[in-house]
Amino acid sequence: MTVVTQDPGQSRFTATVDGVLCVLDYQLQGDVMAIVHTGVPSQVGGRGIAAELTKFALDTARANGWKVRPLCSYAEVYMRRHPDYNDLRA
């Protein structure tokens, strides 16, 4: 299991895997979180890290009453594959 943390000052969620920083960047405008970028370097790719970052971000949005605009292509696909997050779409 990957440990994901939120850094509100940087508008990002992070996970460090094998010493490699993985990120999900967002922009919060009012009560809408736009997911703009998910970055997992290739040396730790293929382990589901992007999915864990995205799930954590979506769960955080739900807990805060935010809607989500998935501008990042990965986040868009993730939300399509997990329709239980459809209620969050902005």
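The report moves from the whole chain to single residues.

This is a predicted model: local features need pLDDT of at least 70, side-chain atom pairs count only at pLDDT 80 or more, and totals for chains, interfaces and linings use all residues. Numbering starts from 1 along each chain as its sequence is written, and side-chain values use heavy atoms, with hydrogens and water left out.

**Overall fold**

The protein chain has two helices and five strands. Here helices (H or I, at least four residues) and strands (E, at least two) are DSSP runs, numbered from the N terminus. Read from the N terminus, the order is β-β-β-β-α-β-α. The C-alpha atoms fill a box of roughly 35 × 30 × 20 Å along the principal axes. The radius of gyration of the protein chain is 12 Å, which agrees with the value near 12 Å for a compact globule of 90 residues. That radius is taken over C-alpha atoms, and the globule rule is 2.2 Å times the number of residues to the power 0.38.

Of the 90 residues, 40% are buried. Buried means under 20% relative accessible area, exposed over 50%, and partly exposed in between (1.4 Å probe, protein chains only). The accessible surface is about 5,000 Å², and carbon and sulfur atoms hold 50% of it. These areas come from the Shrake-Rupley method with a 1.4 Å probe; for residues, only the protein chains shown count as cover. Among contacts (heavy atoms within 4.5 Å) with a separation of 6 or more, 40% join residues 24 or more positions apart.

**Helix packing**

Helix α2 spans residues 73-81, and Ala75, Tyr78 and Met79 are buried in it. These residues cover an arc of only 95° around the axis, so they sit on the same side of α2. The arc is that of the directions from the helix axis to the C-beta atoms. Such patterns have a simple basis: an α-helix has 3.6 residues a turn, so residues three or four places apart point the same way. Ser73, Arg80 and Arg81 are exposed on the face of α2 turned away from its buried side. The packing partners of the buried residues of α2 are β4 (32-39), α1 (49-64) and β5 (67-70).

Helix α1 contains Thr54 and Ala57.

Ala57 and Val68 are 11 residues apart in sequence, and their C-alpha atoms lie 9.4 Å apart.

**Aromatic rings**

How many aromatic pairs does a search of the whole structure find? It finds four. Rings of Phe, Tyr and Trp (its six-membered ring) pair if their centres lie within 6.5 Å; planes under 30 degrees apart count as stacked, over 60 as edge-to-face and the rest as tilted. The pair of Tyr78 and Tyr85 is tilted, at 6.3 Å centre to centre and 40° between the planes. Both Tyr78 and Tyr85 are buried. Ring pairs also link Phe13, Tyr26 and Phe56 into a cluster.

**Cysteines**

The structure has zero disulfides, a disulfide being a pair of cysteine sulfur atoms within 2.5 Å. For Cys22, the nearest cysteine sulfur is that of Cys72, 13 Å away. Cys22 is buried at 0% relative accessible area, and Cys72 counts as buried at 8%.
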